[in-house]
There are 4 protein chains.
Amino acid sequence: MAAGQKIHEFVETLTPQLIAWRRDFHKYPESGWTEFRTASLAARKLMQLGFTVVMGRDAVVAEDRMGLPPAEELARHELRAVSQGGDEELIKMMHGGFTAFWADMVCGSGQGPTIAIRFDMDANDCSESTAAEHLPTAAGFVSENPVVMHACAHDGHTAIGLGVAEVIAKFKDDLNGTVRLMFQPAEEGVRGAYPMVTKGVTKGVDVVLGIHIGVSAKTLSSLVCGISGFLATTKMDVDFTGKSAHAGSHPHEGKNALMAACAAATNLHGIARHGGGDTRITVGKLIAGQGRNVVPPNARLVMETRGETTEINEFMESEALRIIKGAAEMWGCTYAVTKMGAAASAPSDPEVAAMLAETGREMGCYDTIVLDETLAGSDDFTYMLEAVQKAGGKGTYALLGSPLKAPHHNDRFDFEETVLSRGVELVSRMIWKVLG
Amino acid sequence: MAAGQKIHEFVETLTPQLIAWRRDFHKYPESGWTEFRTASLAARKLMQLGFTVVMGRDAVVAEDRMGLPPAEELARHELRAVSQGGDEELIKMMHGGFTAFWADMVCGSGQGPTIAIRFDMDANDCSESTAAEHLPTAAGFVSENPVVMHACAHDGHTAIGLGVAEVIAKFKDDLNGTVRLMFQPAEEGVRGAYPMVTKGVTKGVDVVLGIHIGVSAKTLSSLVCGISGFLATTKMDVDFTGKSAHAGSHPHEGKNALMAACAAATNLHGIARHGGGDTRITVGKLIAGQGRNVVPPNARLVMETRGETTEINEFMESEALRIIKGAAEMWGCTYAVTKMGAAASAPSDPEVAAMLAETGREMGCYDTIVLDETLAGSDDFTYMLEAVQKAGGKGTYALLGSPLKAPHHNDRFDFEETVLSRGVELVSRMIWKVLG
Amino acid sequence: MAAGQKIHEFVETLTPQLIAWRRDFHKYPESGWTEFRTASLAARKLMQLGFTVVMGRDAVVAEDRMGLPPAEELARHELRAVSQGGDEELIKMMHGGFTAFWADMVCGSGQGPTIAIRFDMDANDCSESTAAEHLPTAAGFVSENPVVMHACAHDGHTAIGLGVAEVIAKFKDDLNGTVRLMFQPAEEGVRGAYPMVTKGVTKGVDVVLGIHIGVSAKTLSSLVCGISGFLATTKMDVDFTGKSAHAGSHPHEGKNALMAACAAATNLHGIARHGGGDTRITVGKLIAGQGRNVVPPNARLVMETRGETTEINEFMESEALRIIKGAAEMWGCTYAVTKMGAAASAPSDPEVAAMLAETGREMGCYDTIVLDETLAGSDDFTYMLEAVQKAGGKGTYALLGSPLKAPHHNDRFDFEETVLSRGVELVSRMIWKVLG
Amino acid sequence: MAAGQKIHEFVETLTPQLIAWRRDFHKYPESGWTEFRTASLAARKLMQLGFTVVMGRDAVVAEDRMGLPPAEELARHELRAVSQGGDEELIKMMHGGFTAFWADMVCGSGQGPTIAIRFDMDANDCSESTAAEHLPTAAGFVSENPVVMHACAHDGHTAIGLGVAEVIAKFKDDLNGTVRLMFQPAEEGVRGAYPMVTKGVTKGVDVVLGIHIGVSAKTLSSLVCGISGFLATTKMDVDFTGKSAHAGSHPHEGKNALMAACAAATNLHGIARHGGGDTRITVGKLIAGQGRNVVPPNARLVMETRGETTEINEFMESEALRIIKGAAEMWGCTYAVTKMGAAASAPSDPEVAAMLAETGREMGCYDTIVLDETLAGSDDFTYMLEAVQKAGGKGTYALLGSPLKAPHHNDRFDFEETVLSRGVELVSRMIWKVLG
């Protein structure tokens, strides 16, 4: 195929640039909602390539952002981003944690369909290994920022996004329709997709793609074209507030928040199984109390629910909220629930997965192409996919194979950079398949 | 003392009658709120002796009666009472469980103080032993009514009440003031005193006495003149109602009342200790569910709280009610709390106890006279005592010693009938001390 | 097909007999392990037809029988069975609840495969409707036994078993191999299959069939040829024993079994979800305590676990046992777990289901033939199927369609008797397919 | 009284020294088991005054020390003590947290009785106020050590101890018998008295005194001579260890320590009330889990039990240990209980309290002398008192009145230094009463 060959050859020339981008992002990792440097540089690049960029308060519903850090922390990271070479003008537009953006290129007559691809930008909250055998250390692009590290390949995803933008910019006249590149913050903790969706990022989208390096695709020649089994999930923090009292002399004057939290945790795990499909409930952390001898006036639960479908997760969430309310009531406490993240359960569409598989076969570099894989994790790309599906469109989530030096989220995580150019080529060819 | 001697001699002549009354009541025992025969015969006797009797709807606040049997059961026992020789005319006035009454005799000028004495009339829900060595069986006055038995000596208390009435009627001109004899239903389960108090039985009472045969006074020559330590108590039945569902196929459609009940029971027992005094919390019974394979839609707790003071018991009760509400909320259930009984914590007044002790000493038949004993049980006479104390009066609760054949509430319980005449004399002499 | 036609014509002649058998069994229903009349009459019939019958202590491992009624109850029902026309000689061999049996016919050379078919015989613990519009009442075969009723069609299954036996006996020379008819007691509560399997009922079986009238097949022309989704299950009764104490005066001397049961129930429902598949946990009943004012010394849980596979159910069961043990420990109680029933999760084999579907098509009377249906219930036929599968054989579970007057286990449950002859023909033709 | 006057006059001359000592200890506060500077300076002083000092491993049973800080922390504070002017030679003998000591002076013939007085030396874990109006700040003796502060007056107690030593040393020939001054570490958390008692500090003691500045005695002219109501107590930390697992994909592989901790906390609070007296149970802190999405493998409870008597507290402790064990069992976790502190419930002896009251009256400076006060707190001086009482001796615990600037344990706590000389005089006169 002429177009495929043309793309392949151009992407070959981009390879050094892709690696440079990825290493630059890797060196200055930024965690969820603080991707000021990463996002400002990427957005600037897309503007330069002729994309129309939607950003700042236009790119998210402000109050739908979950797990937003405190203002003071956002401000601190904003300053850091400037000091580390971020685009100061665009960072200003992102002030207060508005780091999401999307970029559109209307191609040809613009009459064709719209394809959207999601690239996530945030890093993980862990310290990167400084072992000599860890490539980023050896090659000088180890994280400069304390307790933040790209340990889930989002640096690579962002670089692939920029590469795809280069390809589109160069050959856009071959296409007919619209290409939307969606740069998402705060995928870790599944916090960033939902406010982009409620702001309209998926409006008018016919085909949507999400990509991820690695996961279960662990060789360069493997490609997973669709995912089912992502559980819908809701992440919540729950704070119970009671009243302290001297446990020796006036225990009856206290309102015991620890007991409320224990009643909640115990009964939450007892929520009925669902006849319609799989569920999960986890109170992952419980922190309560002030002293051995004080009726505990405070307790926090760090928890999540999951469900095989969005509806089943909604059942879990509403059961959980009622149990939390009842537990607070029991012990005379007040309580507050803060939603910290959420993802839907949308499974990939087999047609789009099949189209991606065909694209992969055409590239000739994949010997293991899986149409559908069941994963038990969560990625809030599912909110984008679900929104597109509900509006009549289709989409898929793909895994780009690469050997990994260590598991995701590990301090020695690293992938092979060859996956970057393959990812750019795969996504670009897929765009051609849809808009060509 | 001339009066004392006169009383003594007259009571001697009453002895066969006292025994006859006691055996008659024993043979036809009636449980709480169904004392139609006992109460109608006693009330008739008091009328014949010239007492003014307050009865029926005038003697209790109807809706304050706790643990009332169903209407059908009341009606059945009413019929039984008639068939067993009850006073049909008076039974009609007691229709619907209005078996409480009190009887006043204004003595002399009526200018003196008012003394009130409580006699309880109800029997226990147990089957009486038919062993040959059990006196009621041997002497032919064993219970004729199935699963009801006078196993707590209330038959004796009622007989003593009638004996005291005889003494008052005979010598009333020696006295100056008012004698009130209070015949209480439903002392078992502490259900009957409260609605008499709210109706006004203690209004204007200066001195109030409660008596009980046995308990810790276990010889004929022992007398306990006052009690402290009675815990205030509230008896409640709690019903949780949820929704059943097939536990295999549709567990998520159920509302699990069993889980609500377990959450309630577990957390109830965790109510904070009280810095101000002793407390108790007991869920004595829990009955929940319909089948192994059905999400349980129903659960009942049979429970009680106790407190060293009425206020501390109120703390326990309000904590309990909040926990029950929260437990229902947790599991999406509704609930109903039915108050089944209650007693206050009023301790005896030492002055009245001392006066009773003096009376006992004067009688010459007691060698062991205890001024104050600590008992952990409950008797809702405390409501009467508390009401009198709050209005500025005083009172005490006394134990009339007798050997017992078996513990209270046991199917072989029996006391020595000698205690009857001693009880009549003691109470009568005490009345003389107050009104003489 | 000549054989099919021959079977069809012979079964037509059996129809009045099938209905007569069914109505007779219906009139004298017997619950699990008390099927003395039903089993003795069926076994005698099979003997008369030339089958070799294995029964009594040879047909089950005695101690593997779950949920066995008390000896006294067994004895009472044994007498009833005799009085209602059971076969006295065979009932003697079933003394003590040994009502299982199987019957073998070696056909032709006997060199061919072995096919086994399960027929369950027990009735349900409910009172049958005596409404005029209820056919068994109208036609005079309503249950004569109080609180027992064939409300799950096992009367029909047993009649079909006898019908199949007639067919085999008549045409056995056409076949080559062994036909085993397995008459199972106590399917309700999934109690009877396991001890037959441990005794060897499935040894040497190549193909095994289970049948059930109705369930999700609700027209005479519908046939379901295989089932998946049966959850493995374990039924348990748990008794906690503590120590009673007066809750007012000596609460610290009690060992609170009610609290142990609540801790168990609450935490049982919190057993972790399983990553490998569906689970269920239900405490369907909790009965605890003696009186409002007594630390409860006794508590019973009536419960069950379920799992998508036998292994997952084993996980649930072992978690449950550990939690129960810990709950007893917590409250200083002893405990006893009685296994009341169990079933495996074996799914039907598609090849056998396909063969049955072909058989159904050949009969010409089915217009709706379903190869595989997912059911969430349990039937301990799965133990037989699992045992055959583990030994290299195959099998399926089929639903014979019939309109139902009311749901299974309802007091007006009734099916159309046409299903009896269709069932006999279907099973017989299937035997011909395997051994013909 | 001549002796009284002599003591009074000598103590007057000591006043500036008492204040200087108190301020020096206040400036260099040390928390439990790290009182290297305080103890070494005090011990050296006592040696210089001619007392025989028992210290280091001779003064405690090493393994009975509760709530000992880690070795590294002890070592760090040992170095700090040296750098802040502690007695290096004696600090070496206290290496590893052996900061307890006692000092004996045999007076006269030594034939008389033995009186022992306890002085506690440790400071609290809080940061001292640096507000200008806080006297220690204004006068330049505010704490130099971060997050440690004398906020419970133990600096004053130690200074009084040294003052008493001066008096004894000066006038010892007036006396006949033995004076033992016991300098206790780690009173906060009730950790230090028990290992001194097990080592023998109370052996041969006839009369024992404990003193405390402030508490409920809030004017300089008030003196409380005896305490009842101290609850016996046990302080425990409980660690549950389970197994982490991914809560989304493999929840069934985890062992949930958070659920074990919640089961424990919930059921601990449900331990039965005790018919014999007051109890308390408090889980003051619960810290569990690692991440929202991880089955929690760790949980810690920080808890305590209390009881009106040592026996009732032992009931609470043994119930608690069984519940903790059962909770761990329930959730397949291991657990470890670390005893962090303990105190007995010994009430003061009225005879000794009366003697102290008389002493106070003789001093003429007290207008409010209370013989017995009920306090709900704990002080492990009770272990010393209990040991003396069990051996036939007697003792009391006294409160030396002083206005307080803020409650005990508050960052602005301060007392009036006049109490120091009054304390020295009171204790000295009491010694004269016993040995004089």
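Over how many bridges do strand β8 (residues 232-241) of chain D and β11(D) pair? The answer comes in point 4, after the ground rules.

1. Basis. This is a predicted model: local features need pLDDT of at least 70, side-chain atom pairs count only at pLDDT 80 or more, and totals for chains, interfaces and linings use all residues. Residues are numbered from 1 along each chain as its sequence is written, while chains are lettered from A and ligands numbered from 1 in the order in which they are written.

2. The sheet within chain A. Eight strands of chain A form an open sheet in the order β1-β2-β4-β3-β5-β14-β6-β12, with mixed pairing. Strands (E, at least two residues) and helices (H or I, at least four) are DSSP runs, numbered from the N terminus. Two strands pair if DSSP finds at least two bridges between them. The edge strands are β1 (52-55) and β12 (368-370) of chain A, and each pairs on one side only. Strands β3 (residues 114-120) and β4 (residues 177-184) of chain A run parallel over seven bridges. A:Thr114 has A:Thr178 in β4(A) as its bridge partner.

3. Helices on that sheet. Helix α6 (residues 154-171) of chain A touches β2 (101-107), β3, β4 and β5 (207-213) of chain A. Its direction makes about 145 degrees with that of β3(A). Helix α12 (residues 418-435) of chain A packs on the sheet too, with its direction at about 170 degrees to that of β5(A). Axes are lines fitted to C-alpha atoms, for helices over the stretch in contact; angles run from 0 to 180 degrees between N-to-C directions. Contact means C-beta atoms, placed from the backbone, within 7 Å.

4. An open, antiparallel sheet of eight strands has the order β11(A)-β8(A)-β10(A)-β9(A)-β9(D)-β10(D)-β8(D)-β11(D). At its edges stand β11 (334-343) of chain A and β11 (334-343) of chain D, each with a single partner strand, so one side of each lacks a neighbour in the sheet. The opening question is settled here: β8 and β11 of chain D pair in the antiparallel sense over nine bridges. D:Lys235 has D:Gly341 in β11(D) as its bridge partner.

5. Symmetry. A rotation of 180 degrees with 0.2 Å of shift along its axis superposes chain D on chain A, with RMSD 0.2 Å. That is the relation of a two-fold axis. The same surface serves both copies, as 100% of the contact residues of chain D recur in chain A.

Notes:
Contact = placed C-beta atoms within 7 Å. Least-squares fit on C-alpha atoms with pLDDT ≥ 70 in both.
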